[in-house]
Amino acid sequence: MISCKTPKDVIDLIKKEDVKIVDLRFMDFPGLWQHYSIPSSELTESMFADGRGFDGSSIRGWQAINESDMLVKPVPETAFIDPFFKDKTLVMVGNICDPVTGADYTRDPRNIARKAENYLKATGIADTSYFGPEAEFFVFDDVRYEQNSHEGYYHLDSVEGVWNRGRVENPNLGYKIRYKEGYFPVPPTDTLQDLRSEMILTMIDAGIEVECQHHEVATAGQCEIDMRFASLVKMADNLQKYKYIIKNTAKKYNKTVTFMPKPLFGDNGSGMHVHLSLWKGNKNLFAGDGYAGLSEMALYAIGGLLKHAPALCAICNPTTNSYKRLVPGYEAPVNLAYSSRNRSAAARIPMYSTSEKAKRVEFRCPDPSCNPYLAFAALQMAALDGIQNKIHPGQPLDKDIYDLPAEELAKVPQAPGSLREALAALEKDHAFLLKGDVFTPDVIETWIKYKIKNECEAIELRPHPYEFCLYYDI
């Protein structure tokens with residue numbers, strides 16, 4: 001495992017490992033890694049302080065064409081050897097800066113996450129926020145989709161898919177996963193064990209601590225790999241590395257991975273339950289003698305998360321497809337309540353361990369389509385707002401939500417039903433994100449405008465394939 005702390009460490013590593021290429025990566029506004037590469041001989045110690053230029057106007061949600069020049073400054077601690085390129089390549093994540101002022105760029109998601117960490121320390125409430133996301137994904141064997149003026153469709157396939165029970169496969173061996181029965185079956189029903197094992201071993205070599213891997217509930221290749229918790233920025237870095245390794249390991253075997261929240265109709269979607277705790281020194285501030293072993297601070301943090309949940313969804317569930325998963329009446333955590341064990345509540349307190357160090361809050365609304373730098377920063381800011389304003393979450397909801405009488409269920413607040421609704425909530429409720437200049441007004445404004453124009457309106461303008469089933473013969 002590589003461990004670099006200084007620019008000199010990186011230069012020494014390049015010589016020791018005979019690295020040929022240095023790949024510089026950063027996050028665009030919506031949440032995809034971008035990169036460009038230089039010969040290793042071009043990397044100097046001064047570049048870590050001075051940065052290297054690129055065109056910021058070509059990155060989604062960033063600069064205008066008349067102010068396009070930006071700098072990327074590589075971060076030594078993020079260095080790892082890429083496991084997929086032919087020529088030995090060292091990857092580093094960079095921070096984005098303005099070339100004129102030298103200031104960190106407000107719309108660089110990683111800079112927002114760094115400011116969130118600094119703000120936490122400045123409050124004196126805690127030193128560190130730890131995050132543990134559980135990002136689910138699908139592995140498919142084939143995907144086709146198209147959208148133009150006269151047609152729109154998608155087609156997904158998986159050798160595990162229950163719809164392939166009758167397909168001629170010469171031979172079809174019959175081990176197809178029934179809808180909602182994909183959780184933990186052994187091979188031969190689970191066809192992806194070796195693939196997931198290769199994924200986690202590659203992650204470990206790249207510096208990610210992994211706790212487990214398994215098949216998930218849905219048919220057709222739904223999986224989950226869990227990383228060990230880490231601090232905010234480090235975990236966001238790790239999640240990007242996680243997605244990169246999963247996608248490219250699958251591609252080696254002509255398989256394809258999606259982190260779309262709801263690619264299949266009629267079966268479970270992919271969520272990203274996020275475990276959160278605040279620490280000061282070696283003390284877990286969420287452990288106490290209150291409900292489910294929580295401290296009063298943890299309850300206030302839950303209060304903040306639940307109060308701001310509609311606005312958080314605009315960042316943590318940032319796609320129109322996210323709201324095909326967040327649908328009332330199913331297993332998705334749309335109910336803005338908290339509970340110890342009840343998985344239908346938005347906030348859950350895991351009870352696997354009674355250890356004080358393991359005590360945390362699990363916020364279950366997010367999905368893996370989010371930008372992790374923005375999502376983790378927003379979740380921390382909501383929790384802090386709850387603590388600072390002593391927002392108590394009320395009584396826990398330990399009943400089976402799906403068995404509640406209609407009049408009682410109507411009293412339980414719910415998550416937004418669409419991306420447009422979530423964005424409207426963010427427009428009304430974002431003051432908590434502006435504290436400490438963590439999120440800036442231009443970030444919130446650009447995020448809302450970008451999402452409405454490029455996603456909400458784009459979907460709303462186009463006929464849906466199922467509309468033809470409903471209306472063609474009218």
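Reader: Which strand holds Tyr 153?
Author: The model is predicted: local features need pLDDT of at least 70, side-chain atom pairs count only at pLDDT 80 or more, and totals for chains, interfaces and linings use all residues. Residues are numbered from 1 along each chain as its sequence is written, and side-chain values use heavy atoms, with hydrogens and water left out. Strands are DSSP runs (E, at least two residues) and helices likewise (H or I, at least four), numbered from the N terminus. Tyr 153 lies in strand β9.

Reader: What is the relative accessible area of Tyr 153?
Author: Buried means under 20% relative accessible area, exposed over 50%, and partly exposed in between (1.4 Å probe, protein chains only). Tyr 153 counts as partly exposed because its relative accessible area is 38%.

Reader: Which residues does Tyr 153 touch, not counting those up to four places away in sequence?
Author: Contact means heavy atoms within 4.5 Å. With that sequence exclusion, Tyr 153 touches Arg 144, Tyr 145 and Glu 146.

Reader: Which residue forms a salt bridge with Lys 88?
Author: A salt bridge is a side-chain nitrogen of Lys or Arg within 4 Å of a carboxyl oxygen of Asp or Glu. For Lys 88, the closest N and O atoms of the pair are 2.8 Å apart. This pair links distant parts of the chain, 71 residues apart: Lys 88 is in the loop between β5 (80-81) and β6 (89-97), and its partner is in helix α1 (residues 7-17). The partner is Glu 17.

Reader: Is Asp 28 buried or exposed?
Author: Asp 28 forms a salt bridge with Arg 60. Arg 60 is partly exposed at 35% relative accessible area. With a value of 1%, Asp 28 is buried.
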